[in-house]
Amino acid sequence: MANFSAFDGCCPSVKNILLLDSEGKRVAVRYYSDDWPTNVAKLAFEKSVFVKTLKTNARTEADIALLHDDIIIYKFVQDLHFFVTGSIEENELLLCSVLQGFFDAVTLILRNNVDKREALENLDLIFLCLDEIVDRGIILETDASVIAGKVAIHNMDGDSPLAEQTLSQALATAREHLTRSLLK
């Protein structure tokens with residue numbers, strides 16, 4: 001059995017990814033660090049992140065905050081707040097690319113209707129999205145069209161609207177969205 005402790009600290013990593021509503025309540029969260037060992041500690045962290053960023057306006061582009069020894073990259077849309085947390089030693093641009101990949105993939109999956117109701121109705125797809133982006137803290141993918149495509153493949157037998165698309169249709173939708181976002 002391989003000893004992976006030799007890799008600790010050398011690979012860029014994420015401590016958690018949070019998707020909260022406009023009141024700071026959980027919609028979808030994944031923790032990849034033992035910094036918050038209990039659910040109470042996780043809820044307290046989520047509340048402190050929400051309070052710290054509440055008065056900012058991160059709607060047009062991602063913003064950054066420092067909380068204790070953590071870097072938090074965040075972005076808001078409608079009634080959803082997206083957060084990615086990394087250690088103080090992490091590269092902010094890499095954390096920002098994780099956040100943007102997550103945000104864009106969710107936008108693709110929800111067909112540009114990014115709000116709490118739609119997110120809750122497609123929660124399984126959002127969790128699949130998180131699983132495609134990060135595994136045990138290690139960043140796997142940040143390209144939204146690749147993430148959305150993999151989620152579509154995982155969900156081909158489901159009854160979600162994205163599952164009704166072929167892979168080429170899902171990728172075409174992803175390309176269309178990315179093209180629109182680049183032309184802004």
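## Contacts of Val14

Contact here means heavy atoms within 4.5 Å. In this predicted model, Val14 touches Tyr32, Val84, Thr85, Leu95, Val98, Val134, Gly137 and Ile139, leaving aside residues up to four places away in sequence.

## Nonpolar cores

Val14 also belongs to the largest nonpolar core, which has 34 residues. Together with Ile17, Phe82 and Phe102, Val14 touches the most other members of that core. Two or more residues come from each of these elements: strands E1 (16-21), E2 (26-31), E4 (70-77) and E5 (80-87), and helices H2 (92-109), H4 and H5 (144-154). The most is given by H2, at nine residues.

Another core, of 15 residues, lies apart from the largest one. Leu20, Val49, Ala58 and Phe76 are among its residues.

## Helix H4

Helix H4 covers residues 123-133. Its buried residues are Leu125, Ile126, Cys129, Leu130, Glu132 and Ile133. Viewed down the axis of H4, the buried residues fall within an arc of 160°, so they line one face of the helix.

## Packing of H4 and H5

Two packed helices are described by the angle between their axes and the distance between the axes. For H4 and H5 the angle is about 125° and the axes are 9 Å apart. H4 is therefore oblique to H5. On the H4 side, the contact is made by Leu125, Leu128, Cys129, Glu132 and Ile133. On the H5 side, Ile147, Lys150, Val151 and His154 take part. The crossing of H4 past H5 is right-handed.

Key:
Residues are numbered from 1 along each chain as its sequence is written. This is a predicted model: local features need pLDDT of at least 70, side-chain atom pairs count only at pLDDT 80 or more; totals for chains, interfaces and linings use all residues. Side-chain values use heavy atoms; hydrogens and water are left out. Buried means under 20% relative accessible area, exposed over 50%, partly exposed in between (1.4 Å probe, protein chains only). Helices (H or I, at least four residues) and strands (E, at least two) are DSSP runs, numbered from the N terminus. The arc is that of the directions from the helix axis to the C-beta atoms. A nonpolar core is a set of buried Ala, Val, Leu, Ile, Met, Phe, Trp, Tyr and Cys residues joined through side-chain atoms within 4.5 Å. Axes are lines fitted to C-alpha atoms, for helices over the stretch in contact, and angles run from 0 to 180 degrees between N-to-C directions. Angles under 35 degrees count as roughly parallel, over 145 as roughly antiparallel, 65 to 115 as roughly perpendicular and the rest as oblique. A crossing is left-handed if the near helix is turned anticlockwise from the far one by less than a right angle, and right-handed if clockwise.
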